[in-house]
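The following note concerns the covalent and charged side-chain links of the structure shown below. It is set out as numbered points for the modelling record.

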Amino acid sequence: GLFVTDYFTRTPRKLSPFRSFASIELFHFHIPEDTVIAVWNLITFKEQGGTFGDQCPDRSITVYFRSGAPSVINPLHTHFPRDTAVPGSFALTLTWTLPNRTTGVFNVTSPLPGDWFLAAHLPKDEGKISVKGLYEECQYLFQPQLIVQRLVNIAVLYPGHVTEQSMAPHNRSCLYKVFVPSYTSRVLVEVLRCRGAEGCPLWLRVRAKAPPLHNSTTLDCREHTPCQLAQDLPFWQHWYYVLVEKHPGVPGTVSFQVTVQLTDCSRPSLARPPFLPSSASMNMPHSFGSAGGLALGDSPPPTSPNDTKHPAPIPVTSHAGERCWPVRPTLRNELDTFSVHFYIFFGPNVSVPPDRPAVFVINLLPVLDSGGVLNLELRLNVSSLCGENVTVFGCLNHEVPLTSGDNTSVTCETESLAGFLLSVNATASLSRLRIPYPQTGSWYLSLRSLCATEHGFEPCTNVTAEVYLRAYLSPCINDCGIYGQCKLLRTNNYLYAACECKAGWNGWGCTDNAEAFSYGFQLLSTLLLCLSNVMFVPPVAIAVRSHYLLEAAVYIFTMFFSTFYHACDQPGIVVFCIMEYDVLQFCDFLGSLMSVWVTVIAMARLQPVVKQASVLYLLGAMLLAMALQMDRHGLWNLLGPSLFALGIMAVAWTARTIRRRHCYPPTWKRWAFYLCPGALIAAAAVLLYAFVETEENYFYIHSIWHLLIAGSVGFLLPPRAKPSRRLGPLPRRKGCGYQLCVNEQEELGLVDPAVASINSICTS
């Protein structure tokens with residue numbers, strides 16, 4: 001056949017350590033029909049500070065693959081919520097082959113067409129809280145690329161028609177496909193008039209949705225006469241691929257005929273009519289290939305001796321599972337994103353008769369519905385059983401209803417199908433099922449009532465059970481509970497939802513309490529973070545006593561908003577918010593930085609004319625508000641104004657030292673008992689905040705940070721001189737000249753005016 005190669009790529013993205021599904025990076029691909037091989041090229045590289053991260057440590061990267069919907073992953077081995085079905089996926093771990101780059105290749109032969117999703121993440125880290133911009137962080141970037149090779153012009157088999165084929169010596173196989181419409185209970189593929197050098201040296205393989213593989217349903221035509229391969233309960237509205245493969249080492253040309261019979265379960269005694277006027281009558285998609293050169297929508301050609309023949313309708317022996325029952329549709333009501341209710345006509349109470357099942361269909365839209373959770377709930381009306389021991393079984397299957405046989409209805413499984421089982425009876429009248437990230441398409445729910453006897457389950461007589469049925473799509477499982485937050489995430493144009501847990505809770509629905517914080521621990525951490533702000537009371541008292549009223553107001557502002565911000569910022573249930581979270585956070589950050597600003601400006605002891613204008617106080621408030629609005633967690637946006645204030649203080653102290661020709665402050669007591677201890681306490685607080693704080697020790701390390709910062713302010717805040725009432729006005733010297741008056745108390749920097757006598761020295 002003719003192959004066409006397609007290439008797809010995605011933009012590199014930064015990977016994050018795994019904490020929940022909200023921290024993974026999701027990539028969405030679409031594989032076209034008739035694809036014979038798909039190759040994913042997985043490129044990973046390191047970056048640090050805009051350059052290659054050769055010094056970054058090697059961290060393993062896990063990649064998950066799944067067709068139809070995102071992977072439901074559980075790398076931390078947490079517990080899923082009750083009644084949750086976990087679909088499988090394939091995982092691959094990448095190892096580093098070069099210092100800053102590695103590449104992995106993942107091949108899929110004959111992949112299923114449609115949506116494919118890749119999820120990637122780094123291993124879970126220790127949860128260190130790093131200050132943004134303090135050092136260059138190692139970044140791990142991941143970029144997947146997809147190369148697909150697909151066949152074009154695959155021959156199409158029409159049900160009931162015979163197609164002749166000759167396989168040349170250099171050819172090994174022939175590939176066909178046939179479309180299976182709804183209400184088809186059986187697909188029968190048969191090889192006729194096979195002639196070769198060694199009898200019929202052919203393998204017959206059949207597979208749904210994609211070309212067959214080595215492990216697909218296979219039949220050896222040498223050992224079976226006639227060479228017939230049947231598929232019971234095929235997928236509806238899908239292509240089935242038929243591969244006729246020659247045995248290796250067989251010489252010469254092999255000629256054969258191939259035909260397909262589809263059993264219509266609404267008419268189980270006959271196969272589907274061989275003559276169909278157009279593809280529309282079979283609900284065929286308009287993108288199916290060619291059938292011996294037929295145009296799309298044309299009727300099959302008349303009988304020709306070497307091509308296609310039209311046999312008469314072939315009676316098919318009735319067997320279990322051929323008969324199907326009417327499928328009741330559901331009404332789709334979209335309330336919001338991933339909030340869809342499926343209503344049943346004349347429902348929600350459903351009557352399940354004893355002699356036949358009740359079948360319903362739930363249609364999930366492609367791409368739009370695969371990022372949520374499909375919820376199903378059955379509730380039995382016990383009063384409708386009339387005292388009988390009745391059990392109502394429900395089978396939820398994808399793309400085909402499962403209604404054949406008592407045993408199959410109980411287990412919801414066949415050789416080629418696997419569904420989800422629900423059951424309700426008089427003892428357990430409620431049953432739930434949750435499927436996170438369901439595959440899109442048609443989901444069929446078959447309800448059947450059986451009576452329990454000594455010999456197992458048997459069909460009931462004259463008992464019609466009544467069941468309340470509820471089906472809906474939700475973003476997360478139970479909205480992630482009280483210890484989680486349901487987040488709506490987006491990757492390019494694909495939306496999906498995931499839970500982000502808090503307070504030590506884990507799991508897909510934040511229901512795993514193996515590492516959860518107790519209520520006492522949550523209360524203790526909240527009290528520590530809030531009550532540690534009471535340490536600002538002594539600095540407020542010192543500021544008021546020294547007549548630093550503006551500084552005292554800033555300290556009160558900081559103490560108030562820091563207390564209520566941390567009361568609102570708690571991850572558990574011990575939470576109290578007086579305002580919106582964003583407002584409290586902004587005020588807390590602004591108050592903290594303003595406290596540093598006004599303290600340093602007060603230590604600078606600028607000239608009175610500058611202080612009375614309050615130019616620097618107003619300028620600092622505006623600069624800090626601007627910096628916080630730009631980036632509240634950026635290092636230099638927060639450190640810049642603080643360094644600017646320290647620069648002003650250094651200039652003021654240096655100028656005063658040069659003018660007085662001695663160090664300022666001049667007394668060793670001020671340095672030994674106030675400035676040095678205050679600077680050491682502040683430095684210790686900064687070191688704890690920047691290098692020691694983690695998610696586990698946050699509540700007590702950050703409380704210590706509050707205590708140290710407030711304590712350092714009490715040491716660093718300078719005293720304010722008070723004029724003495726005992727001294728009268730100084731005599732003015734007559735004549736030309738000037739007076740230089742120096743207040744010794746202000747120059748000495750003493751806290752208490754009573755420590756030293758106040759003398760006014762004037763020199764001319």
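This is a predicted model: local features need pLDDT of at least 70, side-chain atom pairs count only at pLDDT 80 or more; totals for chains, interfaces and linings use all residues.

1. The link of Cys221 and Cys227 is left-handed, with -50° about the S-S bond. This pair forms a disulfide with an S to S distance of 1.9 Å, where a disulfide is a pair of cysteine sulfur atoms within 2.5 Å. Cys221 and Cys227 are both buried; buried means under 20% relative accessible area, exposed over 50%, and partly exposed in between (1.4 Å probe, protein chains only).

2. Residues are numbered from 1 along each chain as its sequence is written, and side-chain values use heavy atoms, with hydrogens and water left out.

3. By the distance rule for disulfides, the count comes to nine. One of them joins Cys194 to Cys200, S to S 2.2 Å. This link is right-handed, with 100° about the S-S bond, and Cys194 and Cys200 are both buried.

4. Cys476 and Cys486 are joined by a disulfide with S to S 2.0 Å, and the link is right-handed at 75° about the S-S bond. Because Cys476 lies in the loop between strand S32 (465-474) and strand S33 (484-491) and Cys486 lies in strand S33, the pair ties together parts that are ten residues apart in sequence. Strands (E, at least two residues) and helices (H or I, at least four) are DSSP runs, numbered from the N terminus. Cys476 is buried at 4% relative accessibility, whereas Cys486 is partly exposed at 27%.

5. The salt bridges number 17, each being a side-chain nitrogen of Lys or Arg within 4 Å of a carboxyl oxygen of Asp or Glu. In one of them, the closest N and O atoms of Asp34 and Lys177 are 3.3 Å apart. Asp34 is in the loop between strand S3 (25-31) and strand S4 (35-48) and Lys177 is in strand S13 (residues 173-180), 143 residues apart. Both Asp34 and Lys177 are buried.

6. Lys209 and Glu399 form a salt bridge with closest N and O atoms 2.6 Å apart. Lys209 lies in the loop between strand S15 (202-208) and strand S16 (217-220), and Glu399 in the loop between strand S27 (390-398) and helix H1 (406-411), so the pair ties together parts that are 190 residues apart in sequence. Lys209 and Glu399 are both buried.

7. A network of salt bridges links Glu377, Arg379, Arg432 and Arg470.
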